[in-house]
Amino acid sequence: RKGKPLVEFKNLSNVVLGDAAGFSDEITSLAVGARVAALGTRMGSIFVLEHGVNVIRKISTNNACIHALGLDVAGRFCVSGAGDGRITVWSLGPGSEPWVTEHSQLPILGVALAPNQSEE
């Protein structure tokens with residue numbers, strides 16, 4: 001199989017999220033933690049997958065491309081960096097509103113959460 005890639009990234013979205021209702025987007029960012037994984041898309045959605053659970057949770061944003069994602073160690077928070085310069089911290093638990101800051105007018109290309117910050 002000379003010249004054939006081991007993974008066809010073009011098809012990765014359909015393999016992972018093919019059953020998600022109406023999914024016709026491209027994965028642009030990925031964060032993997034011990035308990036959860038998060039996928040960001042070109043059309044501004046974030047999909048959260050809990051390891052060992054067959055449920056995909058969709059977080060809708062303001063439709064700006066998600067360029068960067070990060071997770072805290074405990075898997076309780078996700079941070080996203082978007083193409084419109086916004087940084088948002090999402091609680092992955094029930095009942096919390098996201099924390100949003102408009103950092104700049106340029107795309108946010110990297111984000112991280114302080115290790116163990118959610119434990120304090």
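Which residue stands opposite R86 in β8? In this predicted model, in which residues are numbered from 1 along each chain as its sequence is written, local features need pLDDT of at least 70, side-chain atom pairs count only at pLDDT 80 or more, and totals for chains, interfaces and linings use all residues. Side-chain values use heavy atoms, with hydrogens and water left out.

The residue opposite R86 is E102 in β8. Strands are DSSP runs of E of at least two residues, and helices are runs of H or I of at least four, both numbered from the N terminus. Strands β7 and β8 run antiparallel and are joined by 4 bridges; two strands pair if DSSP finds at least two bridges between them. Both belong to an open sheet of 4 strands in the order β5-β6-β7-β8, with antiparallel pairing. β5 (66–71) and β8 stand at the edges with a single partner strand each, so one side of each has no neighbour in the sheet.

A search of the whole structure finds 3 salt bridges, defined as a side-chain nitrogen of Lys or Arg within 4 Å of a carboxyl oxygen of Asp or Glu. E102 and R86 form one of them, with the closest N and O atoms 3.5 Å apart. Because E102 lies in β8 and R86 in β7, this pair ties together parts that are 16 residues apart in sequence. Salt bridges with shared partners join D84, R86 and E102 into one network, in which the side chains of D84 and R86 meet at 3.4 Å, N to O. Relative accessible area (1.4 Å probe, protein chains only) is classed as buried under 20%, exposed over 50% and partly exposed in between. E102 is exposed at 60%, whereas D84 is partly exposed at 27% and R86 is partly exposed at 28%.

A further salt bridge joins the side chains of E26 and R42 (3.1 Å, N to O). E26 is in the loop between α1 (12–17) and β1 (27–32), and R42 is in the loop between β2 (36–41) and β3 (45–50), 16 residues apart. E26 is partly exposed at 44%, as is R42 at 45%.

S91 is found in β7 (residues 86–91) and is buried, with a relative accessible area of 15%. Beyond its neighbours within four places in sequence, S91 is in contact (heavy atoms within 4.5 Å) with R57, R76, F77 and S96. A polar atom of the S91 side chain lies 3.3 Å from the backbone nitrogen of G93. G93 is found in the loop between β7 and β8 (99–102) and is partly exposed at 28%. The C-alpha atoms of G93 and F77 are separated by 8.0 Å, with the two residues 16 apart along the chain.

Technical notes. Polar contact = N/O pair within 3.5 Å; in protein donor to acceptor, adjacent residues only side chain to side chain.
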